[in-house]
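Here is a friendly briefing to read alongside the model. Have the sequence and the structure open as you go through the points.

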Amino acid sequence: MSRPFLLLDLDGTLSDPQQGIARSINHALASIGQATQDEAALTRYIGPPLSESFRELVPGADEATVQALLAAYRARYGAVGYAENTMYAGVPEALAALAGAGATLVLCTSKRVDFAEQILRLFGLREHFAWLSGGRDGLHKWQQLGELRAAGRVPDHAVMIGDRAVDLIAAHRNGLDSGAVRWGHGSQDELAAESPTHWFDQPQDWLRLVADSAA
């Protein structure tokens, strides 16, 4: 049997980034004179490409405005926002157990790879991952994963695990099994609509994939 190859989302799967992302979005909006929004209402923008989120938040924004918003967001996020982040209970232990059991772990996030690196190092988790894949402006996650598949970096037996529909769609459009976590920012209805291959109630449940591969 092939040893498990797990693609793990970051935001909403390993850690809760809500505060840092919301505050950085509001910082960006304020930088161009736009009204800030309730932080809880900005949760829906965790996951999709940030450029799309800003186009929705600022209707009619031209490309120069979107780029200015992205620059302001990144300036704050890179300085302090990445650290306004809470690791979900059980994640460090589950990742250590997976790596110890021989699973290959890859971070597959829409977040810029340098920010992802900062976060993993902040929580002492970088050592568990073979490599990281970060997104680019306007790149959908299914396209990001498609590029990795085309380059031969992700095998057919890989499982993409995340908390939003975009993670499951990315897996299915690229011929992979998917796993939905119940503790992130995606609703039960959002996830169920994409018919994930696996459901996980807690991080420790990821170890079932190791057991399945050994069966």
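**Overview**

The protein has nine helices and eight strands, where helices (H or I, at least four residues) and strands (E, at least two) are DSSP runs numbered from the N terminus. This is a predicted model, in which local features need pLDDT of at least 70, side-chain atom pairs count only at pLDDT 80 or more, and totals for chains, interfaces and linings use all residues. Residues are numbered from 1 along each chain as its sequence is written, and side-chain values use heavy atoms, with hydrogens and water left out.

**Overall shape**

- The radius of gyration of the protein is 17 Å, which agrees with the value near 17 Å for a compact globule of 215 residues; it is taken over C-alpha atoms, and the globule rule is 2.2 Å times the number of residues to the power 0.38.
- Along the principal axes, the C-alpha atoms fill a box of roughly 60 × 30 × 30 Å.
- Of the 215 residues, 50% count as buried (buried means under 20% relative accessible area, exposed over 50%, partly exposed in between, with a 1.4 Å probe and protein chains only).
- Among contacts (heavy atoms within 4.5 Å) with a separation of 6 or more, 65% join residues 24 or more positions apart.

**Helix 2 and its partners**

- Helix 2 (residues 50-57) and helix 3 (residues 63-79) have axes that come within 10 Å and cross at roughly 115 degrees; axes are lines fitted to C-alpha atoms, for helices over the stretch in contact, and angles run from 0 to 180 degrees between N-to-C directions.
- Helix 2 contributes Leu50, Ser51, Phe54 and Arg55 to this contact, while helix 3 brings Glu63, Val66, Leu69, Leu70 and Tyr73.
- The buried residues of helix 2 are Leu50, Ser51, Ser53, Phe54 and Leu57. They lie on the same side of helix 2, because they cover an arc of only 160 degrees around the axis (the arc is that of the directions from the helix axis to the C-beta atoms).
- Helix 1 (18-31) and helix 3 are included in what covers these buried residues of helix 2.

**Helix 4 and what follows**

- Val91, Ala94, Leu95 and Leu98 are buried in helix 4 (residues 91-100). These buried residues fall within an arc of 100 degrees seen down the axis, so they line one face of helix 4.
- The face turned away from that buried side carries the exposed residues Glu93 and Gly100.

**Thr104 in strand 4**

- Thr104 is found in strand 4 (residues 104-108) and is buried, with a relative accessible area of 13%.
- Apart from neighbours within four places in sequence, Thr104 is in contact with Arg3, Pro4, Phe5, Leu6 and Ala130.
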